[in-house]
Amino acid sequence: MSSPRSSSLLAWPATSSSRARRPVASPGERRKTKFRRKLKENLTAYGLLCAALVVFALFSWYPIVRGVLLSFQQVDFVNAPTWVGFDNFERLFADPLFGVAWRNTLLFTGLALVFGFAVPFLTAVLLNEIRHAKAFFRLAVYLPVMLPPVVTALMWKWFYDPGPGLFNSALGAVGLPGGQWLDSSSTAMLSLVFVSTWANMGSTTLIYLAALGTIPGELYEAAELDGAGLWKRLRHVTFPQTRFVLLVLLLLQIVATMQVFTEPYVMTGGGPDDSTVTVLLLLYRYAFVYNDFGSASAMSLLLFVALGVFSAWYVRLTRKADQT
Amino acid sequence: MSSPWSRTVSRRTLCLIAAGGLALSLAACGDGDNAAQTGGKVKITVTGQPPTSQPFERSVFDADVKEFEASHPNIQIEPHEGFMDPKTFSAKLAGGQLEDVYYVYFTDPAQIIARHQAADITEAAKSVPHVNDIKPELLDNFRDANGKLYGLPTMNYTMGLLYSRPLFQKAGLDPDKPPATWDEVRADAKKIAALGNGVVGYADYSKNNQGGWHMTGWMYSMGGDIARKDGDKWAADFDNEKGKQALQYLHDMRWTDNSMGAKQLLEATDVQRMMGAGQLGMYMAAPDNVPVLVKQFNGKYEDYGIAGMPGGQGTLLGGEGYMINPKASPDKVKAGLEWIQWKYLNPDRFEKHIQQYVDGKQPVGLPAEPTPDVWQGAVRDQQLALKAKYANVPAKNYQSYVDTTSKIKGSIEPPNAQQIYAALDSVMQAVLTDQNANIDQQLSSASSKVNSVLAQVK
């Protein structure tokens, strides 16, 4: 491709003949020209990037920066904010529910990892082994992800209903006593974990399936020739080959499950006896029930810091993977 | 790599995208309050317009707007749908989008006043007609510690006991003699639950701050309190014999009598659904629940009765009102007050308002809408006489309520009510979901939580 207008603003790539007719430029000028040419060549990309940056700045970064500032301010949205130092944090630490919320969140995260990590992996292994009706089973596993979270929560609320709910009716039909599920502080959190695992396992399973699909078949064939059974194949081929994906999903799940909100908000409201009050639920109360945006922001900053550790680990891992 | 687009087009497109993006962003940041005065008229935005799903209430509201504008040619009303939404309140205020006249529940004014989010109407309200005929305790709900006024009450309810007359009859109880004490409530609930088939004798809330709200009702009914003022400071006042007694009743009905059903963590909509389905005998409620039950569940007014608060020592007063945007100009404040008074606090329109309800085949005669019980003295008598004249629901079903509420002490909600209710939810939940709940420990733990909330009351 050539252009007779090498000096055009539209920056067509210059031909060797047009370059030869130019006077020789100094190294500084050459760098400038090169920079200008590069800028012109990528003008469209920079323009689109700028538009995206403006949107990000307005709707993502500004709220984040504002949130951090709010953590140290008292605001009423009428008068100018007043700086209160660490008062908002002190208020949070003095709230007896603060510790309870963190404990509950960590408990949810721990339980969600036990179930939400193992169940999708095992499901993916099973799906990978299935020879017939693959598409049907994959769709069946993915189906819950398509339900809106609130619908899922309301549906499971009926499953758990200690009166005419699905679970207790089913247990009653086979002569077993029903459970209190959400209505008991000892089982409420576990009941929420089941809902969360059921609702989200579809996506995780698909990622595992994709990872399993990348394992070369020869490895399994070699293992089988060596007489390896299912467990040995899992241990010596599947786990080592999917280690990276497992680790990345573990981190992503920690980050996601620590932000649990919909299930306790819709299904238990934090009860019974505060046993399902999570960090985000308490944060929501501070912001929208107590209208104390300073303390709510302080709480979100604390959560941000906690999750930042895992996010940094995640970024480091993925960068390492890109380099290898 | 060459661009897939024509270069001229790409640059133009780029400029358009950038300009469009900036324009959108700037529009999003803009102040919506740009037409305060149009053609010499003061334009005010107001909340409280019922949604289209309530066609009767909506038509009354819209007709009132037209009539008001006709009689007040200098004021233009821009109605907005909806009532109080705490989730958007502060964001709207921060973004200049909060209405000039906005709706609040009785639980919120104290916090709104403390955060300077309402206009001081102390002086402007002095010229509002009939303001002195409003019950003073309701006006106090909108005052700060210095006695300055920041809003006007427009509706008031008094908590009582709502019951199903058909279930009373089925259980062999006299629906014209509803229970007057908590012992009687307990005994009747047991008999109703004995009907079986999933019928629940008595239900109570324990979720989304509504448990704390009802526990406050329990405390008041026993002559107790939730918070008391010691000098300048507030302190929790329920970790005592009355608190224990209230929770013991709930515990015994739930676990000893099994008259409260197995399903707990209930809130208003759950309980209304149970009552509407004919599966519930009694629950603590205000008369405004009756039209909800009739309309949503195709019920009949004859099927419901309301008794005064059991215990007879006190009851909870709640309600709603309107406050004015602190950023509103003096003209808007004046126009806003004219609207509130004309629409909601207007004895001259009592009869017309009642007639609207009669014509629309809506209930008249309930101790609630169409003319809320915010009045005292001669205005109250005038209102009661008109309601009796046009009554189209069986007034005898509410007689016990009317008789009791005029005698017992009514107390408004505690300061920072929503936060206190959130703390008390867990106490209600503990008693209703754990047979072995330690009531003393629950009360003591909730008391320390509530004290930390009350320490912030200014």
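How many residue pairs in polar contact does the rule find across the interface of chain B and chain A? The rule finds eleven, with both residues of each pair at pLDDT 80 or more. The legends below describe views of a predicted model.

**View 1. The interface of chain B and chain A.** On chain B, 42 residues are in contact with 40 residues of chain A. About 3700 Å² is buried between the two chains, and carbon and sulfur atoms give 57% of that area. Two salt bridges are found across this interface. Helix 1 (7-29), helix 3 (86-94), helix 17 (417-433) and helix 18 (439-454) of chain B each supply at least two residues of the side that touches chain A.

**View 2. The salt bridge of A:Asp161 with B:Lys263.** The closest N and O atoms of A:Asp161 and B:Lys263 are 3.1 Å apart.

**View 3. An open sheet of four strands in chain B.** The strand order is 7-10-6-11, and the pairing is mixed. Strand 7 (200-203) and strand 11 (304-307) of chain B are at the edges with a single partner strand each, so one side of each has no neighbour in the sheet. From one strand to the next, the twist averages 20°.

**View 4. Strand 10 of chain B and its surroundings.** Strand 10 (residues 280-285) pairs with strand 7 of chain B in the parallel sense, over three bridges. B:Met282 in strand 10 is the bridge partner of B:Tyr202. Helix 11 (residues 268-276) of chain B lies across strands 6, 7, 10 and 11, and runs at about 140° to strand 10.

View 5. An unreviewed UniProt entry places the feature "domain: ABC transmembrane type-1" here.

How values were computed:
Residues are numbered from 1 along each chain as its sequence is written. Chains are lettered from A and ligands numbered from 1 in the order in which they are written. This is a predicted model: local features need pLDDT of at least 70, side-chain atom pairs count only at pLDDT 80 or more; totals for chains, interfaces and linings use all residues. Side-chain values use heavy atoms; hydrogens and water are left out. Two strands pair if DSSP finds at least two bridges between them. Axes are lines fitted to C-alpha atoms, for helices over the stretch in contact, and angles run from 0 to 180 degrees between N-to-C directions. Contact means heavy atoms within 4.5 Å. UniProt positions are given in the numbering used here, feature names are shortened, and annotations may be inferred rather than shown by experiment. Buried area is the accessible area (1.4 Å probe) that two parts lose on being put together, summed over both. A salt bridge is a side-chain nitrogen of Lys or Arg within 4 Å of a carboxyl oxygen of Asp or Glu. A polar contact is a pair of N or O atoms within 3.5 Å; within protein, one must be able to donate a hydrogen and the other to accept it, and residues adjacent in sequence count only if both atoms are side-chain atoms.
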